[in-house]
Amino acid sequence: MSTALATPETATRPRRFVLGISGASGAAYALRLLEQLLLTGAEVHLVVSDYGRRLLFDEAGVTHLDFASLCPTIADSAAAARLVIHPNKDVGAVIASGSFLHDGMVVVPCSSTSLGAIATGSGSNLLTRAAMVTLKERRPLIVCHRETPLSLIDIENMRTLTLAGAIVCPTNPGFYLNPRRIGDIVDFMVGKVLDLLKVEHALNTRWEEAARSGTAAKQQNSR
Ligand SMILES: Cc1cc2nc3c(=O)[nH]c(=O)nc-3n(C[C@H](O)[C@H](O)[C@H](O)COP(=O)(O)O)c2cc1C
């Protein structure tokens, strides 16, 4: 019998992330994050709730859940092959199992409904199940909640999730880099999420770089 250890799966597969899109405002964040993850060569397992689908249509004109509609800027069949889309009703999909190894899950945007379902362990769809499994397996779970103002229920759910090991990262962009376009604001948030996932990126999110190059001040003065 061989005593050699098998090569760990993490050494042989690309980085792999789970992305959940729920029915809160901010479809642009999810689409930009999906694009950036695929461009780094990562595999992305996507699950979209029913209201997430509605938001994708209302805010971004996405009519079909497929690679071409979700990632119109990427012309790369290899990237298309790295996107796996799971039906939200399919709680038997691989991402519902703790044995499915991945490098982190992001729920963006995260509605108060999904936040509450994950925090209370009461989720009955694939998105919330995958998030709860990510927590139980102690993998990174980043929850980008979007609602304002917050009720005590949301606040308590965020507290519970934080204590359980999730990172609550509300879609709450800073303006100190003097954004000029909505895309700049979107990139600010998406860059934060990529940082939390430890994925390198070139999005403009860093105060130090803006301060060093004087970009922020120049943009302020040119108004
Ligand atoms: C156009 C639209 C915008 C919405 N925006 C938000 C939002 O920003 N935050 C939120 O918590 N719910 C929002 N909702 C309500 C949620 O979609 C609703 O509570 C739903 O049950 C969420 O279910 P899900 O988490 O399974 O997607 C919005 C609904 C619609 C139709």
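Why do the end C-alpha atoms of helix α9 (residues 182–196) lie 22 Å apart? At 1.5 Å a residue, taken over one less than the number of residues, the 15 residues of α9 should span 21 Å, and the 22 Å between its ends agrees with this. Helices (H or I, at least four residues) and strands (E, at least two) are DSSP runs, numbered from the N terminus.

The model is predicted, so local features need pLDDT of at least 70 and side-chain atom pairs count only at pLDDT 80 or more, while totals for chains, interfaces and linings use all residues. Residues are numbered from 1 along each chain as its sequence is written.

Stay with α9 and select its buried residues (20 or more other C-beta atoms, placed from the backbone, within 10 Å of their own), among them Val186, Phe188 and Leu194. Their cover includes α2 (27–39), β4 (105–110) and β5 (141–145), with contact taken as C-beta atoms within 7 Å. Just after α9, select lysine 198, which takes a positive phi of about 60 degrees.

Next, show α2 with α3, which pack at about 95 degrees with their axes, lines fitted to C-alpha atoms over the stretch in contact, 9 Å apart. The two helices are therefore roughly perpendicular, a term for angles of 65 to 115 degrees. Here Ala27, Ala28 and Leu31 of α2 meet Leu55, Leu56, Glu59 and Ala60 of α3.

Finally, select the ligand and the 16 residues around it, of which Gly23, Ala24, Ser49, Tyr51 and Ser114 come nearest, where being near means a C-beta atom within 6 Å. The largest share of this shell, 5 residues, comes from α3.

Terms used: Buried ≥ 20, exposed ≤ 12 C-beta atoms within 10 Å, placed from the backbone. Contact = placed C-beta atoms within 7 Å. Axes fitted to C-alpha atoms, helices over the stretch in contact; angles between N-to-C directions. Parallel < 35°, antiparallel > 145°, perpendicular 65-115°, else oblique.
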